[in-house]
Amino acid sequence: SAGEVGKISRPNRPGASCACGALNACLGSFKAEGLDVHCKGPGVHDPLDPELSILKQRLARRLRHEKKDVKELDLVGITQAAERTITSDLEYLIEKAVDPSKANYAVFTGVQIHNWAADVNTDAGAPSLEFISVGKSYVVINGERTYLDVSMVPSLAPRQLQLLAAASAGLAGDLPSSNSVVQEIPRSVLMRCVGGATGRSAEPVALSKPSDGWQQFVKTDFQDIHPNAPKMDDKDT
């Protein structure tokens, strides 16, 4: 919240710690040892530290495939690579487990950046909002995949966020439980919090033609900028 990447204040733990500690450890290893030493085949890991060594293996193979320069890699970059790797693994497992002719499903991936609530367990009622860097977002219905461009959804302005953050000043009684998201805040309360908000993001608008609505945020194709990434059970080459 202070603007320092990777620093987090955890309950009952003094000072700031790193998020994510495991990715930070991988970053240090890659910078010190390079990627090749960690590019091992599936099933090859350190028996004394299996989880971290498997994480290093998956990330190292992905970063090598994407031709990343570890000298320029930082915590943000390795976190983004981890999201892409996890998404690829998830989609691969879905292919193995789900028959799209019998089941519809949705995939939403991303990275949690920040949660602004000081205490999500309080009864004060202030909204607890999650700040997310969106990865992939799509639905598969009757075997047809439709991508949703959620980045096109209008964001709250800084002033609106500040007003929402001040919800504890006289609005607590009007707000729902502290675990709710902004969509669950009653419209009357939200409009009072973001007073001054006007336009299409604040008031319902009658759509005059399909291009004005949600149709402009969906598409049926997706261009992967790093195609043919190594799968979780691919042999190392």
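A crossing of two helices counts as right-handed if the near helix is turned clockwise from the far one by less than a right angle. I wrote that down before starting, and also that this is a predicted model.

**Entry 1: α1 and α2**

I looked up how α1 passes α2, and the crossing is right-handed. Helix α1 covers residues 21-33 and helix α2 covers residues 50-65. Their axes are 10 Å apart, and the two helices pack at an angle of about 60°.

Next I wanted the residues that touch. On the α1 side I found Ala22, Leu23, Ala25, Cys26, Ser29 and Phe30. They meet Leu52, Leu55, Lys56, Leu59, Ala60 and Leu63 in α2. Sorted by class, the residues of this contact come to 10 nonpolar, 1 polar and 1 charged.

**Entry 2: α1 and α3**

Then I turned to helix α3, residues 75-97. Its axis and that of α1 come within 10 Å and cross at roughly 110°. So α1 is roughly perpendicular to α3. I noted a right-handed crossing for α1 past α3.

For this contact, I listed Leu23, Asn24, Cys26, Leu27 and Phe30 in α1. Their partners in α3 are Leu75, Ile78, Thr79 and Ala82. The classes here are 7 nonpolar, 2 polar and no charged residues.

**Entry 3: cysteines**

How many disulfides does a search of the whole structure find? I got 0. For Cys18, the nearest cysteine sulfur is that of Cys20, 7.2 Å away. A disulfide needs the sulfurs within 2.5 Å, so Cys18 is in none. I also checked Cys26, which is in no disulfide; its nearest cysteine sulfur is that of Cys20, at 8.0 Å.

Are these two buried or partly exposed? Cys18 counts as partly exposed, at 22% relative accessibility. Cys26 has a relative accessible area of 0% and is buried.

**Entry 4: Tyr105**

Last, I looked up Tyr105, which lies in strand β3, residues 105-115. Its relative accessibility is 19%, so Tyr105 counts as buried, the limit being under 20%. What does Tyr105 contact, leaving aside its neighbours within four places in sequence? I found Ile94, Val98, Tyr138, Val139, Val140 and Arg145. I followed up Val139: Tyr105 and Val139 are 34 residues apart in sequence, yet 5.9 Å apart in space, C-alpha to C-alpha.

Methods:
Residues numbered from 1 in each chain as written. Predicted model: local features only at pLDDT ≥ 70, side-chain atom pairs only at ≥ 80, totals over all residues. Heavy atoms only, no water. Axes fitted to C-alpha atoms, helices over the stretch in contact; angles between N-to-C directions. Helix = DSSP H or I, 4+ residues; strand = E, 2+ residues; numbered from the N terminus. Contact = heavy atoms within 4.5 Å. Nonpolar A, V, L, I, M, F, W, Y, C, P; charged D, E, K, R; others polar. Parallel < 35°, antiparallel > 145°, perpendicular 65-115°, else oblique. Buried < 20%, exposed > 50% of the residue type's maximum accessible area, 1.4 Å probe, protein only.
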